[in-house]
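Dear colleague,

Please find below the structure I am handing over to you. My notes on what was found in it follow directly after.

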Amino acid sequence: MPNVSHRVSSPPAAGPAPTHATCSTPRFFAYWLLALAAAVAAFSSHIYIRHRVVELGYALGQERSHRSRMENERRDLELELAAMEAPGDLAQVSRDVLGLDVPRDEQLLAVGTAAEAAAPDAPAAPAVVVRPPPDARPPEPAAEPLAPAGATNELPLQEALP
């Protein structure tokens, strides 16, 4: 054997370091945490979007039913307006609901002058009496004029007519 010194020598080199991919523990944990966070974010956003779709679907259904109710109400009101505007129906409504009718002869009043009203003992002058034709319809109601501020639309009470 050759002379070997008894010096402490370093262990023989094992050669170059292995080249296979080994990750250190902190780096692997960071990548794993990043992938987990991305998966949780994707899942959460998917759940949120599905929840919003369902919520908006319910709101859309409610708005459609509300629109349908409003269209039905509009149609009903249009029919009611058309029925009220028909002249024959106006006469029927005035008779049935309001109790109005074409006046009988005993209900007609003579219209005279103020001088005749002052002297009740005087002989009556011919009065103007307006009789509607037998096939006449009731007149269309005129729009009431607007009263000035402070005025009332009430007529003064008159004494009972005979």
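Why are Arg52 and Glu55 separated by about one helical turn? The reason is that Arg52 and Glu55 are three residues apart in helix α1.

Before the details, a word on conventions. This is a predicted model, in which local features need a pLDDT of at least 70 and side-chain atom pairs count only at pLDDT 80 or more, while totals for chains, interfaces and linings use all residues. Residues are numbered from 1 along each chain as its sequence is written, and side-chain values use heavy atoms, with hydrogens and water left out.

Overall picture

The chain contains three helices and zero strands, where helices (H or I, at least four residues) and strands (E, at least two) are DSSP runs numbered from the N terminus. Read from the N terminus on, the order of elements is α-α-α. Mean pLDDT over the chain is 74, and 55% of the residues score at least 70; pLDDT is the predictor's confidence in each residue, from 0 to 100. Among the elements, α1 has the highest mean pLDDT (94), whereas helix α3 (residues 114–118) has the lowest (54). Where pLDDT is low, the predicted coordinates should not be read in detail.

Of the 162 residues of the chain, 1% count as buried. The classes are set by relative accessible area: buried means under 20%, exposed over 50%, and partly exposed in between (1.4 Å probe, protein chains only). The accessible surface of the chain comes to about 15800 Å², with 63% of it belonging to carbon and sulfur atoms. Accessible areas come from the Shrake-Rupley method with a 1.4 Å probe, and for residues only the protein chains shown count as cover.

Salt bridges

Side chains of opposite charge can pair when their charged atoms come close. The criterion applied here is a side-chain nitrogen of Lys or Arg within 4 Å of a carboxyl oxygen of Asp or Glu. By this rule the count is three salt bridges.

- Arg52 and Glu55 form a salt bridge in which the closest N and O atoms are 2.5 Å apart. Arg52 is partly exposed at 31% relative accessibility, and Glu55 is partly exposed at 36%.
- Arg67 forms a salt bridge with Glu71, at 3.2 Å between the closest N and O atoms. These two residues are four apart in helix α1, so about one helical turn separates Arg67 and Glu71. Arg67 is exposed, with a relative accessible area of 57%, whereas Glu71 counts as partly exposed at 29%.
- Arg74 and Glu78 meet through their side chains in a salt bridge of 2.9 Å, N to O. Because Arg74 and Glu78 are four residues apart in helix α1, they are separated by about one helical turn. Arg74 counts as partly exposed at 45% relative accessibility, as does Glu78 at 44%.

Aromatic pair and nonpolar patch

The structure holds one aromatic pair. The ring centres of Phe29 and Trp32 are 6.4 Å apart and the planes stand at 25 degrees, so the pair is stacked. Under the rule used, rings of Phe, Tyr and Trp (its six-membered ring) pair if their centres lie within 6.5 Å; planes under 30 degrees apart count as stacked, over 60 as edge-to-face and the rest as tilted. Phe29 lies in helix α1 (residues 25–85). Since Phe29 and Trp32 are three residues apart in helix α1, about one helical turn separates them. Phe29 is partly exposed at 48% relative accessibility, and Trp32 is partly exposed at 47%.

Phe29 and Trp32 also belong to a nonpolar surface patch, together with Phe28, Leu33, Leu36 and Val40, with about 620 Å² of accessible area in total. Patches are made of residues with over 30% relative accessible area and no salt bridge; like charges are joined within 9 Å, and nonpolar side chains (Val, Leu, Ile, Met, Phe, Trp, Tyr) within 5 Å.

Ser94 is located in helix α2 (residues 87–96). With a relative accessible area of 14%, Ser94 is buried. Leaving aside neighbours within four places in sequence, Ser94 is in contact (heavy atoms within 4.5 Å) with Gly99 and Leu100.

With kind regards
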